[in-house]
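Please read the following report alongside the sequence and the three-dimensional view. It takes up a few local features in turn.

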Amino acid sequence: MKKNSILLSSLCILSACGGGSGGSGVAIPNKPDTPFVPQEDTIASSNAKITNMISNSEYQVTLFVSNKLGADAESVGLGNITGRGATTRGAFLSSHSGELDYDKAAELVNMATWLNQPDTSAEDIIAEFNNDRNKIKAALKLMDDMYCFVGGDASETARRILEMRDKNSFDAPLETLKSNTEVMNLKDVMFNTTAAGRITRLKFNVDDTGKIVSLEYPDAQQIMDEAAGLENDYTEITIGPIPRVPDTDTFVEKIEHEGQIFSFPRKYISYARELGLKYSDFGVLESDLRAAGGDWGISFDPFAGGYETKEIDANRMTELAQNGEIIFNGLARGDVTYFWCDGPCNDENHYEPSIEGGLRDDNATLVFSPDGKQTLSANFTNWYNIQAIHNADGTNQFKIIGGDGGNDKRFHLNTDPNAPLLSDNGSLTNNGVTYERMNMYVGYYGKDNEPSEAVGLVKYQFTPSLKTIEDETGVGTHWEPDPNGNVSVSLGFGGKRN
């Protein structure tokens with residue numbers, strides 16, 4: 001049994017149905033005179049400062065059920081709450097503690113669902129009523145106060161339930177109940193991001209109540225291990241969780257540069273609310289690296305992902321697409337960084353900051369074609385117009401279809417309309433002269449296996465000519481970009497189905 005032992009510092013349990021076990025059992029009672037004030041979900045409110053995704057931990061579900069039941073919460077084992085003094089049902093009182101039991105809360109929600117099933121007979125209800133009257137009363141109360149039974153007659157209770165069910169009166173309140181009691185804990189969300197210099201994973205860490213407390217790169221140690229031995233003045237100190245500034249959208253990371261430790265903010269900018277996303281999220285991590293000195297500025301690293309339980313797999317998408325292309329309209333954001341050498345490449349002159357303000361297109365589209373091809377199209381006023389394509393065979397393509405790179409000719413991208421196929425794990429093309437690599441991730445999310453929203457991520461790298469240079473020790477070699485330039489593109493997309 002899962003239990004959340006918590007301090008109910010702001011929970012007021014008040015009766016929502018008049019009476020207790022008394023009453024004639026002849027008529028459905030009217031709504032109580034005291035209005036119901038919904039509980040303020042402070043956990044969801046805190047998380048909403050970061051993401052608009054649904055936030056509903058077991059703690060939050062149990063708290064919702066207990067608050068909805070009021071005085072009856074105690075009768076079904078959802079807390080030994082005493083000292084109710086407010087006159088408004090659902091209002092919060094302080095200094096009351098008790099134990100919230102998620103399993104019992106879930107059992108009541110399942111009971112409400114069971115009561116509305118066509119094959120649940122009057123005899124079934126009577127038997128359950130005689131076994132545990134309080135449970136049926138509580139399940140009805142979760143759907144709507146008008147359905148609370150205050151009498152003690154099992155047959156009359158069954159008759160009323162069947163009558164309301166035949167009128168479909170339970171359907172709407174039961175749907176509302178399910179939306180408020182489905183466990184969707186943000187700790188279970190896994191994103192993809194380019195913030196570590198390549199596509200890697202990103203996740204939230206939450207406390208026992210479901211509140212976001214930090215960000216973490218689960219693959220950070222692997223990234224650090226792979227980078228070991230490479231010449232790099234910057235060493236990440238924070239391999240583990242990156243702590244959140246409480247109740248804000250900012251996380252603080254640390255790096256070491258030339259023997260000094262610098263803290264810099266990673267601001268989590270989500271577009272879920274703007275786009276109307278509930279089961280997924282898309283945005284950028286805005287990192288201000290200027291505190292570390294040098295030419296490092298502000299970067300915009302996109303992220304995208306969502307709840308695995310709401311993700312639509314490729315087979316389902318292909319099946320749906322047989323009726324025509326599935327189109328998502330939304331927003332594309334990203335960043336471009338590049339190398340540019342005015343002579344021999346070295347630490348002083350080979351790095352250029354990102355495009356100021358990053359990239360943004362408010363009219364981007366993502367298309368899932370009947371053949372399984374996925375195409376992200378975006379037109380950037382300060383860069384090129386592009387298409388990023390993920391083919392059904394798993395290969396990728398990055399196409400420049402217009403624009404002039406913001407009139408900056410340092411971008412030497414492949415403008416071939418028939419762009420070569422690129423692998424996800426990187427490849428050397430054109431006999432080792434040109435280096436191109438592209439990763440593309442797209443996730444489709446929705447309710448009842450029907451896609452309503454999509455988010456995606458693209459990482460593209462292009463170097464016109466890579467040279468193998470012997471390092472200072474004469475023992476090994478490393479890659480160095482040609483003075484013609486090297487570009488690294490990070491793009492993200494989020495949108496709703498057309």
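The model is predicted, and the values given here are computed from it.

**Helix 4 and helix 5**

Two packed helices are described by the angle between their axes and the distance between the axes. The axes of helix 4 (residues 102–115) and helix 5 (residues 122–131) come within 11 Å and cross at roughly 150°. Because angles over 145 degrees count as roughly antiparallel, helix 4 and helix 5 are roughly antiparallel to each other. On the side of helix 4 the contact involves Met111, Trp114 and Leu115, which meet Asp124, Ile125 and Glu128 in helix 5. By residue class, this contact of helix 4 with helix 5 divides into 4 nonpolar, no polar and 2 charged residues.

**Helix 7**

Helix 7 (residues 154–166) has 13 residues and should span 18 Å at 1.5 Å a residue, which agrees with the 18 Å that separates its end C-alpha atoms. At its N-terminal end, helix 7 is capped by Asp153, a side-chain oxygen of which lies 3.1 Å from the backbone nitrogen of Ser155. The buried residues of helix 7 are Ala154, Glu156, Thr157, Ala158, Arg160, Ile161, Met164 and Arg165, and what covers them includes helix 4, helix 5 and helix 6 (133–143). Just after helix 7 comes Asn168, with a positive phi of about 60°.

Neither residue in the table is a glycine, yet each takes a positive phi.

| Residue | Phi | Loop |
|---|---|---|
| Asn168 | about 60° | between helix 7 and helix 8 (171–181) |
| Asn449 | about 60° | between strand 20 (434–445) and strand 21 (453–463) |

For Asn449 the relative accessibility is 39%, so that Asn449 counts as partly exposed.

Is Gln374 buried or exposed? With a relative accessible area of 10%, Gln374 is buried, because buried means under 20% relative accessible area. Gln374 lies in strand 16, which runs over residues 374–379. Its side chain is joined to that of Tyr444 by a polar contact of 2.8 Å.

Conventions: Residues numbered from 1 in each chain as written. Predicted model: local features only at pLDDT ≥ 70, side-chain atom pairs only at ≥ 80, totals over all residues. Heavy atoms only, no water. Helix = DSSP H or I, 4+ residues; strand = E, 2+ residues; numbered from the N terminus. Buried < 20%, exposed > 50% of the residue type's maximum accessible area, 1.4 Å probe, protein only. Polar contact = N/O pair within 3.5 Å; in protein donor to acceptor, adjacent residues only side chain to side chain. Axes fitted to C-alpha atoms, helices over the stretch in contact; angles between N-to-C directions. Parallel < 35°, antiparallel > 145°, perpendicular 65-115°, else oblique. Contact = heavy atoms within 4.5 Å. Nonpolar A, V, L, I, M, F, W, Y, C, P; charged D, E, K, R; others polar. Expected span 1.5 Å × (residues − 1).
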